[in-house]
Amino acid sequence: SHSPHPMFSALRPLRPLLSRRVALSASFSSSTGSKPVIVQKFGGTSLGTPEKLEKVRNIIKQWHEKPAKCIAVVSAMSSYTKSEGTTSRLLAAADAAVNRGRFGPIIDKIEDTHLAIVYSMLKDHAVKEMAREHVNGELTHLKRFLES
């Protein structure tokens, strides 16, 4: 068996933190000047489907309409199982690249997941196209990195 690249061995202790899932949103507020700041953190499983994203959008919208500044912090998307989450797939792609394996299909799954959300959630064609280009650009950079 091929041993993992030292960089990935060093990251192993962080893996539980990288793949930690928080399904519920958490909020706290801090007073800065006249307008309080509400920070909401949404874990990956609360973002992984269009229906879940819609719920998150409604929560953020509800707080945005209050006299407060709302900041949303989001994790990488994950549908229902850890192995299908973005973080798990990124780690698998990195491991495949280090071991000279095929990482392309893994990146394709990340792209499919993100573009499915883009196409189902965004209505404005120009915004949808901008989001698609952004996803494709980020994944192109990732592929170049993994190829090196």
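Colleague: Before we go on, what should I know about the model itself?

Modeller: This is a predicted model, where local features need pLDDT of at least 70, side-chain atom pairs count only at pLDDT 80 or more, and totals for chains, interfaces and linings use all residues. Residues are numbered from 1 along each chain as its sequence is written, and side-chain values use heavy atoms, with hydrogens and water left out.

Colleague: How many helices and strands does the secondary structure of the chain come to?

Modeller: Helices (H or I, at least four residues) and strands (E, at least two) are DSSP runs, numbered from the N terminus. Here the chain has six helices and three strands, and along the sequence they follow the pattern α-α-β-β-α-β-α-α-α.

Colleague: Which strands are joined by six bridges?

Modeller: Two strands pair if DSSP finds at least two bridges between them. In this chain, β2 (residues 35–42) and β3 (residues 69–74) run parallel and are joined by six bridges. As for facing residues, V39 stands opposite I71 in β3.

Colleague: What percentage of the 148 residues count as buried?

Modeller: Buried means under 20% relative accessible area, exposed over 50%, and partly exposed in between (1.4 Å probe, protein chains only). Of the 148 residues, 28% count as buried. A96, in helix α4, is buried because its relative accessible area is 13%. R100, in the loop between α4 and α5, counts as exposed because its relative accessibility is 72%. R100 also has a positive phi of about 60°, although it is not a glycine.

Colleague: What does A96 touch?

Modeller: Not counting residues up to four places away in sequence, A96 touches G101, R102, F103 and I106. The C-alpha atoms of A96 and L146 are separated by 8.9 Å, while the two residues are 50 apart along the chain.

Colleague: How do I check the length of a helix, and where do the buried residues of α5 fall?

Modeller: The expected span is 1.5 Å times one less than the number of residues. The 18 residues of α5 (residues 104–121) should therefore span 26 Å, and the end C-alpha atoms are 26 Å apart, which agrees. The buried residues of α5 are I106, I107, I110, L115, I117 and V118. Seen down the axis, they fall within an arc of 165°, so they line one face of the helix; the arc is that of the directions from the helix axis to the C-beta atoms. They pack against α3 (50–64), α4 (86–98) and α6 (125–147).

Colleague: And which residues make up the largest nonpolar core?

Modeller: In soluble globular proteins, nonpolar side chains tend to be buried together. A nonpolar core is a set of buried Ala, Val, Leu, Ile, Met, Phe, Trp, Tyr and Cys residues joined through side-chain atoms within 4.5 Å. The largest one here has 12 residues: A93, A94, A96, A97, F103, I106, I107, I110, L115, V135, L139 and L146. The elements giving two or more residues to this core are α4, α5 and α6. Apart from it lies another core, of six residues, among them L47, L53, M77 and I117.

Methods:
Contact means heavy atoms within 4.5 Å.
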